[in-house]
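Visitor: I would like a close look at one part of a protein, namely the places where charged side chains pair. Please go slowly and keep the terms simple.

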Amino acid sequence: ATAYMANGQDVEAEAQLKESIRLAEEAREQISDAQNRGSFLASQQGVYRAMVSFQFLNKSDPAAAFNYAEIAKGRDLLDALAGARHVTVNDGQAKLTLSGSATPLTLEQSQRALPANVQLAQYVAGKDRLMVWLVTRDRVITAGSNVGADDLRKKVTAYLEALRARAPLEQLNRQASDLYQLLIAPIGGRLDRNLTLCVATDGVLQDLPFAALVSPESNRYLVEDFTLVVNPSP
């Protein structure tokens, strides 16, 4: 798939990515132990993220990209609810055995499920670009930042280390403002302050205190402008 994309052969690349995901899903369903199933999915994140980026950037299909992003998330709880499950305890360790495999909600289904007073900001960090969806019941807006997963991880890690070291407030706010530019500014003009902002994080963003992000224009913390809910997404 990577070779095809490098040569601009998108049809062939998409076919290879679909087949890779089909095989990954088939193998995943054969694993009954919940922990091992989750570990297997985590090991296959590269191909899922490649497909998300392909749909978002190459095909300009944000709905398909969103759907693949949902498939890539941890589904242990969904799987447990979807089919039969059995818990055994051995040497004090509980083991959950699953028989079913759940299908996550599509973008359209997610929109219908959203409360009327909620706006969802979902993030996926690709190799070269951060992809963002802003979703409400009646609209879907996409945006992005020119920062790859590795660079984003470095910025977030540096900020978290500064927080733990109790760095001067001026430095912390400067770093928080930089992250605000990457994460909030791309959709900032379309956010509704009357709606609760639910943030679905990705990767290293799960550790980021979004409430502390600082607007470079108003110097206000994000939590001062929005009611926030953060939903970690493995």
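Visitor: To begin with, what percentage of the 234 residues of the protein count as buried? After that, please take me through the salt bridges.

Guide: This is a predicted model, and 42% of the 234 residues of the protein count as buried. The secondary structure comes to 11 helices and 7 strands. Among contacts with a separation of 6 or more, 61% are between residues 24 or more positions apart. The protein exposes about 12500 Å², and 48% of that area is supplied by carbon and sulfur atoms.

Now to the charged pairs. Side chains of opposite charge can pair when their charged atoms come close. A search of the whole structure finds 11 salt bridges. A few of them follow.

Start with glutamate 108 and arginine 112, which form a salt bridge. Their closest N and O atoms are 3.2 Å apart. A salt bridge here requires a Lys or Arg side-chain nitrogen within 4 Å of a carboxyl oxygen of Asp or Glu, so the pair qualifies at 3.2 Å. Both residues belong to helix H7, which covers residues 107–113. Because they are 4 residues apart in that helix, about one helical turn separates them. Glutamate 108 counts as exposed, at 53% relative accessibility. Arginine 112 is exposed too, with a relative accessible area of 54%.

A second pair is found in helix H8, residues 149–164. There the side chains of aspartate 150 and arginine 153 meet in a salt bridge, with 2.9 Å from N to O. These two residues are 3 positions apart in the helix, so about one helical turn lies between them. Aspartate 150 has a relative accessible area of 51% and is exposed. Arginine 153, with 41%, is partly exposed. The cut-off explains the two labels: exposed means over 50%, and partly exposed is the range between that and the buried limit of 20%.

Next come glutamate 70 and lysine 73, also joined by a salt bridge. In this pair the closest N and O atoms are 2.6 Å apart. Both glutamate 70 and lysine 73 are buried, whereas glutamate 108 is exposed, as is arginine 112.

Finally, salt bridges can be part of a network: Glu14, Lys18 and Lys59 are linked in this way.

Technical notes: Residues are numbered from 1 along each chain as its sequence is written. This is a predicted model: local features need pLDDT of at least 70, side-chain atom pairs count only at pLDDT 80 or more; totals for chains, interfaces and linings use all residues. Side-chain values use heavy atoms; hydrogens and water are left out. Buried means under 20% relative accessible area, exposed over 50%, partly exposed in between (1.4 Å probe, protein chains only). Contact means heavy atoms within 4.5 Å. Accessible areas come from the Shrake-Rupley method with a 1.4 Å probe; for residues, only the protein chains shown count as cover.
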